[in-house]
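The following exercises are intended to be worked with the sequence and the coordinates at hand.

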Amino acid sequence: MTRMNLSAELDRWLSPAARAVLMRVGACATDLGHRAYLVGGPVRDLLLGRTSYDLDVVVEGDALSVARAATPEEGPAPVVHHAFGTATIQVGVFRIDLATARDESYERPGALPTVRTGTIEQDLMRRDFTANAMALGLDGERRGDLVDPYGGRSDLAHGLLRILHEASFIDDATRILRGVRYEQRFGFAFDGRTLRLLQRDACFLDTISGDRLRHEFERTVAEEEPEQTLLRLDSLGVLRVIHPALGFGLRESEALVRGRSALVFDAQFATFCWCVLVWDMSITEAEALGARLNLPRRVMNSLADTVALSGIEAQLDEPGLSPSEVFDLLHDHSPAALVAARHLFLRPVAQANVSRYLSRLRYIRPVLTGRDLQALGMPEGPLVGRVLSALRTARLNGEVATREDEKSLAQRLQRELH
Ligand code: CTP
């Protein structure tokens, strides 16, 4: 096999600080009589000319000693995960994860693998796709040498995603979700056999724990265009394996694209994606999906809101609803569920009412506070809450405009309600 050296490309690709640390990793590995390699995603990204901030390093030898020796004195100590025999060095935005080269076998489908120390070739063999099964030497004369035993570079050049062995998806069905993510992110194609096995083995997703499945979904929605991956998972029949009522079509895709700009925070966006995914489900189905994926309580509440909202579309579509009526119908629901409803409702008046609520009505409050009401002589207790809510209704409907208007309404209400 011809030797291919990418040290010049590696140096151009890394920031000076990350380059310095990887140089030290290589030098320390040599000193300790070990070998170190950059592996997996970063090698793929370097060859594709894409940025990568997660740098995975595999050491033939003891990764923890190399990590300790290579950490810059001025920087924070490496974070060591003894249970996994791994260590993480943070260098600015770069995160360098060091692990000892492993060989592994799966006792049963979906189980975590049984792990032994191994060679770099064995370590690469246990990986998901050939494009992710390459390494670059970091030490001594081997610095920059490409280790590519399974044809990763050629597959990468042809835009192909290929598994390394027949049982790959059976051993770890999360690779199905990972593969579709790569396919869409890079515009790659599965090779024929890989696609056939992916569809044949999708049923093995049943062997994956809820936490791992959820994690893969979270990584999917963090992609630049998650809708493409979700559409593809749907057309391959993968979503239905996860839950028979789980689907994602063009309508959901458009909702995701339009909703994204409305939700500033990533966490909110992830919840919003779940809301879009359960839009057509009954509450029983949404709860079953939530239980399967071990979704947190906060997300489950938004899913329940979504199902409730999809059931009141006709009510919200009534022409002539007052602002306070719209407020009363919507104010109990989470923003993620409301944004989903805004983009999934088909009826124009209902859509406009949700927009009105999201952009304006939800922020409207009376000027007077509970303290102000007490200063006006109102006794502490439930009456204060009732008057504040009536003041908000009056504000929403434009029946009061100034502080003085609110004061006189509050005084009248106190007399009437007392
Ligand atoms: N890997 C694998 N099978 C899995 C998970 C991970 O073979 N189920 C391997 C792949 O070689 C992958 C590497 O472990 O490249 C690191 O995993 P991860 O960080 O999830 O992959 P990246 O390719 O770095 O992912 P991304 O580009 O999405 O960050």
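Predicted model: local features only at pLDDT ≥ 70, side-chain atom pairs only at ≥ 80, totals over all residues.

**Exercise 1. The ligand site**

Task: Determine which residues are closest to the ligand, and how many surround it.

Solution. 
1. The ligand is surrounded by 15 residues, and Arg-44, Asp-128, Tyr-182, Arg-185 and Arg-219 are the closest.
2. Consider next the individual atom pairs. In the side chain of Arg-44, an N or O atom is 2.7 Å from an oxygen atom of the ligand.
3. The side chain of Asp-172 has an N or O atom 2.8 Å from a nitrogen atom of the ligand.
4. With Asn-132 the backbone takes part: one of its N or O atoms lies 3.2 Å from a ligand oxygen atom.
5. On its own the ligand has 570 Å² of accessible area, of which the protein covers 77%.
6. Two or more residues of the shell come from each of helix H3 (41–48) and helix H8 (174–186). The most are given by H8, with five residues.
7. Sorted by class, the shell holds 10 charged, four polar and one nonpolar residues.

**Exercise 2. Helices H10 and H11**

Task: State how H10 and H11 are oriented to each other, and identify the residues that make their contact.

Solution. 
1. The packing angle between helix H10 (residues 210–221) and helix H11 (residues 226–235) is about 130°, and their axes are 8 Å apart.
2. H10 contributes Phe-217, Thr-220 and Val-221 to the contact, and H11 contributes Pro-226, Thr-229 and Leu-230.
3. This contact of H10 with H11 comprises four nonpolar and two polar residues, with no charged residues.

**Exercise 3. Helices H18 and H22**

Solution. 
1. On the H18 side, Pro-323, Ser-324 and Phe-327 meet Arg-392, Thr-393 and Leu-396 of H22.
2. By class, three nonpolar, two polar and one charged residues form the contact of H18 with H22.

Conventions: Residues numbered from 1 in each chain as written. Heavy atoms only, no water. Contact = heavy atoms within 4.5 Å. Helix = DSSP H or I, 4+ residues; strand = E, 2+ residues; numbered from the N terminus. Nonpolar A, V, L, I, M, F, W, Y, C, P; charged D, E, K, R; others polar. Near = heavy atom within 4 Å. Polar contact = N/O pair within 3.5 Å; in protein donor to acceptor, adjacent residues only side chain to side chain. Areas by Shrake-Rupley, 256 points an atom, 1.4 Å probe, with all protein chains shown as cover. Axes fitted to C-alpha atoms, helices over the stretch in contact; angles between N-to-C directions. Parallel < 35°, antiparallel > 145°, perpendicular 65-115°, else oblique.
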